[in-house]
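Work through the following exercises with the coordinates open beside you. Each task is followed by a solution in steps.

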Amino acid sequence: MALLEVRDLTVVFQRRGEEPFRAVDGVSFDVEPGQTVGLVGESGCGKSVTSLAIMGLLPKRGAKVTGTVKYDGTDLLKLSDKEMRDRRGRDLGMVFQDPLSSLNPVVPIGLQVTEVLERHRGMPRKEAMIEAKDLLDKVGIPDPNRRLKEYPHQLSGGMRQRALIAIALACRPKLLIADEPTTALDVTIQAQILTLMKELVQDLGTALVMITHDLGVVAGLCDEVNVLYGGKVVEKAMRHKLFAEPRHPYTHGLLASIPRLDAAPGEKLTPIKGSVADNIPWAQGCAFAPRCPNALDVCVQVTPAEEDQLGRLLRCHNPVVPGTPAAEEVPV
Amino acid sequence: MSETLVSVQDMKVHFPIRRGVFFDRTVGHVYAVDGVDLEIKRGETYGLVGESGCGKSTLGRAMLRLNEPTAGKMIFDGQDFSALKGEDLRKMRRRIQMVFQDPLSSLDPRQSVESILIEGLRAHDLDKGKEETGKRLRELLSAVGLPSTALRKYPHEFSGGQRQRIGIARALALNPDLIVADEPVSALDVSVQAQVVNLLEELQEQFGLTYLVIAHDLAVVKHISDRVGVMYLGGLVEEATAEDLYAEPLHPYTRALLSAIPVPDPVVEDRRERILLAGDLPSPANPPSGCRFHTRCPWRQATRCDTERPVLRELKPGHKVACHYAEQIQSGEIQPHEVKPILVEEGDDITPDVPLVGPASVTEALNP
């Protein structure tokens, strides 16, 4: 049985006097124990809202969450606030994008780590401090004894992210959700953090949901990849399959528009026309249709259904035939 | 084509660190740019890469004299740009334009696109009557791929990619020779980045522009540039053509940087050899002695590295590197070793030029 089973997760934001906005629109995916699953997409595709919905961190007022999120058999969305508080940090850990704003600036790092251990594992402070030191050591923070007493502003960006990972992993959760954990960091630091996460996930057997906009990060880290567009999963496959043969025009277009370090000199980029804002609602057809080089008439009339094609889920009326070059840019 | 347009000589930008309430005392300096020489040829694209805090943006701004450099000069088209003053400087600025990173904060929200574009034309007496200017504006917009209806709109009505196009049109309006683009695509979504990168390339072909592109994304820089300079802590560590740099990185830092960039291809990612750098970027207020990279360098040697600052030297035609042991590393004579991360202090890392303890009171300061 899957460790995490997300079915038909939908998040609708409703503000008074405004049209309801479907940020996440029927997202389903499974995470097996120890597996790394990636959620990829550009800004506004609903990837972060998905993670917040799973963790129960969306505001009660204004955000309507429907569907089921089963963790080890229990539906997290049906739990009370108190029950959810017991699980967050113990069963599910989370690492956020900006380590400075997710750490408390007026509490030393040590206390922020022991807080989790005291709350969920009932450890006395002294014992928790020793454990916290081991945790900081494990995530590669030099001189952990001194760092325990320091405040977040005294640490560099990479060290803060390491501290955040230590907090998330303090209770050995079976599932870790990382929301753009390396976006705020420089590439050499990003490489350090990604290697660290890879090792920790392997050592502890933790399942990881990796949320990112960087297809390069996904290519090296994730077992299964979900590509999101406009709040729906448009393509889902194992990473080797997805990158070797992207079938959805969006995935295909994304890969063709990224400059690659190992590209031949003089190779042209093929951008996707328009911008993320040029969407049509899914109810009317395919949200990607206005930007899609493969769009047919049916694309703006009928919502494409999710089809299973030999281990690949695809939501498209006119998928890319493997081996075709990216479409020429249409003037905007 | 090989005529030198820009020549930067020993450029230094040191920002003073000030402390004190009553008395503004300088207690140290941030060595943001510390002795950079570079040349940009007419019609080429020079890419400047490095991580945050390496001084690449400061260098770009100092070249335009948006920050006054502490030392060094920039020769632009045979004239000493850093010695110009007043009206001469203002006139010269027409020929060097800038495209900024964040297209929203670099466009005045209360100005329409028309007024944004016309402002520069007026300042340089290029506004020759309504009809001609109108024609010029429409030309500009079509060059950057915006409809002429955009003229009456305001920046907030556009998407990020379109705003960046407005920023480019503004730079283009004055027929510049050199455009300095500071992180022109890093604020944009991936699918839109490619549009702007292609636009910059097309415009270069069309108008014969010279670019200095400053970016942290080596993949973007490699794609767009003819020559690339890699910066680390205020200095250039390597300079080569984009192909050479990728095919044969000579400086240990460039090697690590190249190996750290994720490639969107699982087959490549699984096989790749990663050179992980230990620790963080040291503070530019207190840079390491000798080679600035020696604290994190896996190829560090016992001698010279921590005492003598390597100069940029030409190892192969067109390929310069600032490393004492570049040849030996290249030939495999020196092998990488483990590096222990060194603590980098945030904030309180100033080595004071003068004692930090100041006068306790005004009277004490006046009658020492």
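**Exercise 1: the surroundings of one aspartate**

B:Asp108 lies in the loop between strand 6 (96-99) and helix 3 (113-123) of chain B, where helices (H or I, at least four residues) and strands (E, at least two) are DSSP runs numbered from the N terminus. The model is predicted, so local features need pLDDT of at least 70 and side-chain atom pairs count only at pLDDT 80 or more, whereas totals for chains, interfaces and linings use all residues. Residues are numbered from 1 along each chain as its sequence is written, chains are lettered from A and ligands numbered from 1 in the order in which they are written, and side-chain values use heavy atoms, with hydrogens and water left out.

Task: determine which residues B:Asp108 is in contact with, leaving aside its neighbours within four places in sequence.

Solution. Step two is the list itself, in which, once neighbours within four places in sequence are set aside, B:Ile116 and B:Pro155 are in contact with B:Asp108, contact meaning heavy atoms within 4.5 Å.

**Exercise 2: the interface**

Task: state how many salt bridges the rule finds across the interface of chain A and chain B.

Solution. Begin with the extent: the two chains bury about 4300 Å² between them, 58% of it on carbon and sulfur atoms, where buried area is the accessible area (1.4 Å probe) that two parts lose on being put together, summed over both. The contact takes 53 residues from chain A and 45 residues from chain B. The rule, which asks for a side-chain nitrogen of Lys or Arg within 4 Å of a carboxyl oxygen of Asp or Glu, finds 3 salt bridges across this interface. One of them joins B:Glu201 to A:Lys268, with the closest N and O atoms 3.6 Å apart. On the side of chain A that touches chain B, helix 8 of chain A gives the most, with 7 residues.

**Exercise 3: the fold of chain B**

Task: count the helices and strands of chain B.

Solution. The secondary structure of chain B comes to 12 helices and 12 strands. Of its 368 residues, 52% count as buried.

Technical notes
Buried means under 20% relative accessible area, exposed over 50%, partly exposed in between (1.4 Å probe, protein chains only).
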